[in-house]
Amino acid sequence: MLYLNSQKALIDLLYEDWCEDISKEVFTAFIYRISNNPQNFYRRNQIYQKNGKVRNVDVPSQGLKIIQRIILKRILENIPVHNSARAYIKGSSLRDNAGAHCGRKCVVKLDIKRFFEHIDEKSVYLIFRRLSYPPDVCRMLTKLCCLKGRLPTGAPTSPYLSNLFMKKFDREMSLFCENKNISYTRYSDDITFSFDSFDKTRLIRVTRNFLGLYANGLPLNQKKIFVVTSNKKQKVTGLVVNEKTSVDKELRRNIRQAVYYIGKFGVSDHIRHLQSSEYGGWVMFIADDWHFRMVKLRYLRTLQGRISFCLCADPDNTEMKQYAEFIKEIIKKEKEEICILKMSFQNAKK
């Protein structure tokens, strides 16, 4: 494990991997500016979710993002997490998480409410203190990774730090489950159990108690507690696990249908004829070419994400690979046309 005995040693480490051509003095001043006022190096983005709600994401500036990636690569990823943590780990995937729960009679799915927001600055500081770093180094690292006393949702370091924060909970939860033939995994804020015979009410109660004891009392989302028996479709991180890990047939059918209609009628006509709540109706009233192109790009990226999800579950699926290339080319063309349209707008203003 890399040992840093001073803030100077930390800054030297960060400077080694810094890609911009600036002097050591300027870089040092930059690091101190961030650590003294991290709020000045973030912007808030809003993501509109399917349910109509808005999710706020605090995105670091380009310079801070590079620094956080260095911290992730040179420090954090050298610290092992518990093997029940399946998200944000190199070589681990949604399929690995879901595969642990195949063929069980009952699946229990829980969700931690506002996961990153509930992991505070003190907890992050203690993660670095356990590496035996001096307090001043830990404070600087904490300030470089936190915003307003919490883990920011858009920082590259936040996912791995969340796994390190949950390490004790994962260990204790796994020990409890091992003795009772219960499979346990955690994919970020999604906690999943599967078993053939156990009291599900007791399991949920134990989980709450363990979160209180080992994870600073992180709250469960009461609206996202699901108990699914084997006579129904059991889905874990989006994949069906009743018998084997597989993508939902309805999702594959929807993707296949979308690609077919795009190929036959084109993206514009396909979107105008969609009857879904997300794109139907109101799309017909968008007269502005620029905004309609943005709608098309958003739709294509969503479709691309769904295809990537299928490939995550089945990397050798030839059909999905072809769809991925097809949509990738269309997105490329759409981006080129948007750039041309943007340039024409700029020229018209001159």
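This is a predicted model: local features need pLDDT of at least 70, side-chain atom pairs count only at pLDDT 80 or more; totals for chains, interfaces and linings use all residues.

Student: What does the secondary structure of the chain come to, and how many of its residues count as buried?

Tutor: The secondary structure comes to 13 helices and nine strands, and of the 350 residues of the chain, 43% count as buried. The C-alpha atoms fill a box of roughly 65 × 65 × 35 Å along the principal axes. Among contacts between residues at least 6 apart in sequence, 69% join residues at least 24 apart.

Student: Which residues of helix H8 are buried, and what do they pack against?

Tutor: The general idea comes first: an α-helix has 3.6 residues a turn, so residues three or four places apart point the same way. In this structure, helix H8 covers residues 167–178 and reaches 16 Å from its first C-alpha to its last, close to the 16 Å expected at 1.5 Å a residue. Its buried residues are Phe169, Asp170, Met173, Ser174, Phe176 and Cys177, and because they cover an arc of only 160° around the axis, they lie on the same side of H8. These buried residues pack against strand E4 (183–187), strand E5 (190–195) and helix H9 (200–214).

Student: Which residues of helix H10 are buried, and which are exposed on the other side?

Tutor: Helix H10, residues 249–265, has 17 residues and reaches 24 Å from its first C-alpha to its last, close to the 24 Å expected at 1.5 Å a residue. Ile255, Ala258, Val259 and Ile262 are buried in H10; they cover an arc of only 95° around the axis, which puts them on the same side of the helix. On the other side of H10, Lys249 and Lys264 are exposed.

Student: Which residues are buried in helix H5, and what do they pack against?

Tutor: In helix H5, residues 121–129, the buried residues are Ser123, Val124, Ile127 and Phe128. Seen down the axis, they fall within an arc of 140°, so they line one face of H5. The buried residues of H5 pack against H6 and helix H7 (158–165).

Student: At what angle do the axes of helix H1 and helix H6 cross, and which residues meet there?

Tutor: To read a pair of helices, take the angle between their axes and then look at the residues in contact. The axes of H1 (residues 7–16) and H6 (residues 135–145) come within 8 Å and cross at roughly 45°, and the two helices are therefore oblique to each other. Gln7, Leu10, Ile11 and Leu14 in H1 meet Asp136, Val137, Met140, Leu141 and Leu144 in H6. By class, this contact has seven nonpolar, one polar and one charged residues.

Terms used:
Residues are numbered from 1 along each chain as its sequence is written. Side-chain values use heavy atoms; hydrogens and water are left out. Axes are lines fitted to C-alpha atoms, for helices over the stretch in contact, and angles run from 0 to 180 degrees between N-to-C directions. Helices (H or I, at least four residues) and strands (E, at least two) are DSSP runs, numbered from the N terminus. Angles under 35 degrees count as roughly parallel, over 145 as roughly antiparallel, 65 to 115 as roughly perpendicular and the rest as oblique. Contact means heavy atoms within 4.5 Å. Ala, Val, Leu, Ile, Met, Phe, Trp, Tyr, Cys and Pro count as nonpolar, Asp, Glu, Lys and Arg as charged, and the others, Gly among them, as polar. The expected span of a helix is 1.5 Å times one less than its number of residues. Buried means under 20% relative accessible area, exposed over 50%, partly exposed in between (1.4 Å probe, protein chains only). The arc is that of the directions from the helix axis to the C-beta atoms.
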